[in-house]
Structures are given as structure tokens and as C-alpha cells.
Amino acid sequence: QLQAFGGGLVQAGGSLRLSCAASGRTLSDYTVGWFRQAPGKEREFVSGISWSGGSTYYIDSVKGRFTISRDNAQNTVYLQMNSLKPEDTAVYYCAAGYGRVGEFSTYTYWGQGTQVTVSS
């Protein structure tokens, strides 16, 4: 199972670091991605990282502000979120799978989300 944690309430311009941990799986075997879903909106693919960490993907709206990384020894993937904006408010989920980093269909194992709220 996957579990995302590290969310919270932060003011605009602030930072949060999300973590995605796995139990029962070796996360280093998988491509891992971060997704988010705001109320009334579809789930959005935010960022992904290959199993080695050598390939990453970001949607345009978070480029330069978010950084995805992984520590395979700790079986954890991180999403460092800086310069947060109110429009980043959503439930953030991590997911894992086999395949290309930038393709939604890669991600077949999903965890519970963590709420991120950015106040203006």
C-alpha cells in the first residue's frame, strides 16, 4: 500500500514537503507520481519520477516551484512544494506503476491522499 503524508495548511508563498511511503512494496521498483484533486475538479497529474530518479516530469503550472525526488534506500518519494499558491489547494495522492513517467496510464497503484490547503 501507498500512503501520502505531509500535507497541511500554509500561507501563499510557503512550502510543504509531501512524502509517499510504501508498505508491502519496494517502491524503488516503480515509477512514482503525484496527483492532486481539488473540489469539483478532475484528478490532475502533477509530477512523476522514474524508478532510478533519472527522469522526471512536471506539469507547467508547478515547474520551478515543485521538485520530485526519491530515496530508494528509505523506500520513499518526496514532493517539495515551494512558492505555494491558493490554486495548489487540493488533496494530493501518490501512485506507482510501471511505464513512462509522463503517462497517466502508468500509475496503477494508488494510496490515500493528504490535504494541502494554501491560504491567500
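Predicted model: local features only at pLDDT ≥ 70, side-chain atom pairs only at ≥ 80, totals over all residues.
Residues are numbered from 1 along each chain as its sequence is written, and side-chain values rest on heavy atoms, with hydrogens and water left out.

Strands are taken as DSSP runs (E, at least two residues) numbered from the N terminus, and two strands are said to pair if DSSP finds at least two bridges between them. On these terms, four strands form an open sheet with antiparallel pairing in the order S1-S3-S8-S7. Its edges are strand S1 (2–5) and strand S7 (66–71), each of which pairs on one side only, and the twist averages 15° from one strand to the next, where axes are lines fitted to C-alpha atoms and angles run from 0 to 180 degrees between N-to-C directions. Within this sheet, strand S3 (residues 16–22) and strand S8 (residues 76–81) are joined in the antiparallel sense by six bridges, with alanine 21 having threonine 76 of S8 as its bridge partner.

Tyrosine 78 is placed in strand S8 and, at 16% relative accessibility, counts as buried (under 20% relative accessible area, with exposed meaning over 50% and partly exposed in between, for a 1.4 Å probe and protein chains only). Beyond its neighbours within four places in sequence, tyrosine 78 is in contact (heavy atoms within 4.5 Å) with Arg17, Leu18, Ser19, Trp34, Thr67, Ile68, Ser69 and Asp71.

Asparagine 75, in the loop between S7 and S8, has a phi near 55° and is buried at 17% relative accessibility. Serine 83, in the loop between S8 and S9, has a phi near 50° and is partly exposed at 40%. Most residues other than glycine have a negative phi.

Strand S4 (residues 31–37) has six of its seven residues buried, and is therefore largely enclosed by the rest of the structure. S4 pairs with S9 in the antiparallel sense over seven bridges, valine 32 standing opposite alanine 96 in S9, and S4 also pairs with strand S5 (residues 44–49) in the antiparallel sense over five bridges, where tryptophan 34 has serine 47 as its bridge partner. S4 and S5 form a hairpin with six residues between them, and glycine 40 in the turn has a positive phi of about 80°.

Threonine 106 is located in the loop between strand S9 (90–97) and strand S10 (107–110), and is buried with a relative accessible area of 4%. Apart from residues up to four places away in sequence, threonine 106 touches Thr31, Ala96, Gly97, Tyr98, Gly99 and Arg100.
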